[in-house]
Amino acid sequence: MSFFVTKYTGLHRVFRLGTYVSIKQMQPACGHERRYTSTSEENRRIAKIYTKTGDKGFSSTFTGERRPKEDHIFDALGTTDELSSAIGLAREFCIDSGHSFTDQLEKIQCVLQDVGSNIATPQSSARDSHIKKTMFSSQAVIELERWIDLFTEELPPLTNFILPSGGKSSAALHVARAVCRRAERCVAPAVRSGETDPEVAKYLNRLSDYLFTVARYAAMKEGKGETIYKRPE
């Protein structure tokens with residue numbers, strides 16, 4: 001089950017493979033008991049997390065098109081969701097270690113929601129209104145490049161192949177980097193077929209470079225040595 005946030009009819013909604021659920025509908029009553037002004041509102045049903053619409057192996061895109069769950073669009077969506085989860089786990093390690101870039105990781109997770117919205121809107125079945133709501137900005141790529149350059153200035157030159165290592169924060173970021181590479185591979189067919197914005201693929205490509213760079217930066221800041229590749233004898 002994958003979730004992606006997109007803007008729809010003035011409300012933020014959560015995209016789940018197979019359905020849309022309003023965040024407003026998902027919010028529980030906070031604090032005191034919530035009361036509504038009309039009987040119809042009091043009797044309205046709470047939206048359930050399960051919909052059963054995907055039980056036969058098909059899911060819906062944002063455009064309403066039904067496709068098999070193994071379709072490359074859903075493969076790309078699921079892997080992007082996995083990437084965000086991997087970054088979320090790495091971010092928790094980075095928070096525990098007091099790293100300064102954790103806000104960047106959170107922002108990246110938010111951008112990945114926009115990446116998912118764009119992927120979930122295949123151009124072959126999208127109307128202009130769909131495209132306008134899920135456009136992906138190239139500004140996100142520029143920001144990643146700026147962050148990469150800033151971290152690179154502080155890092156020692158890379159003269160050897162390194163293995164994923166350098167402490168828990170660094171190793172977790174390397175895992176996220178590997179998932180990011182897979183997400184990029186999954187998105188590539190959708191971009192080549194004209195279904196997905198090329199800027200999405202560019203963002204994922206740059207994101208893997210960012211995650212590699214920040215993994216090295218985390219190891220350096222924690223005083224952890226990076227494991228150098230040595231040819232086994």
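Of the 233 residues in this chain, 43% count as buried, where buried means under 20% relative accessible area, exposed over 50% and partly exposed in between (1.4 Å probe, protein chains only). You are looking at a predicted model, in which local features need pLDDT of at least 70 and side-chain atom pairs count only at pLDDT 80 or more, while totals for chains, interfaces and linings use all residues. Residues are numbered from 1 along each chain as its sequence is written, and side-chain values use heavy atoms, with hydrogens and water left out.

**Stop 1: the whole chain**

Start with a cartoon view. The chain has 8 helices and 7 strands; these are DSSP runs (H or I, at least four residues, for helices; E, at least two, for strands), numbered from the N terminus. Contact here means heavy atoms within 4.5 Å. Among contacts with a separation of 6 or more, 72% join residues 24 or more positions apart.

**Stop 2: the largest nonpolar core**

Now select Leu83, Phe101, Leu173, Tyr203, Leu207, Tyr210 and Leu211, the residues with the most contacts inside the largest nonpolar core, which has 46 residues. Such a core is a set of buried Ala, Val, Leu, Ile, Met, Phe, Trp, Tyr and Cys residues joined through side-chain atoms within 4.5 Å. To see where the core comes from, colour helices H3 (72-96), H4 (102-119), H6 (139-154), H7 (168-192) and H8 (198-221), the elements that each give two or more residues to it. H8 gives the most, with 11 residues.

Zoom in on Tyr210. Apart from its neighbours within four places in sequence, Tyr210 is in contact with Phe101, Gln104, Leu105, Ile108, Leu144, Trp147, Ile148 and Phe151.

**Stop 3**

**Stop 4: the aromatic rings**

The whole structure holds 6 aromatic pairs. Rings of Phe, Tyr and Trp (its six-membered ring) pair if their centres lie within 6.5 Å, with planes under 30 degrees apart counted as stacked, over 60 as edge-to-face and the rest as tilted. Select Phe101 and Phe151: this pair is edge-to-face, 6.0 Å centre to centre with 85° between the planes. Phe101 lies in the loop between H3 and H4 and Phe151 in helix H6, so the pair ties together parts 50 residues apart in sequence. Phe101 counts as buried at 0% relative accessibility, and Phe151 counts as buried at 7%.

Finally, show Phe101, Trp147, Phe151, Tyr210 and Tyr217 together: ring pairs link them into a cluster.

**Stop 5: a serine in H3**

End at Ser84, in helix H3. Ser84 is buried, with a relative accessible area of 11%, and touches Gln109 and Leu112, not counting residues up to four places away in sequence.
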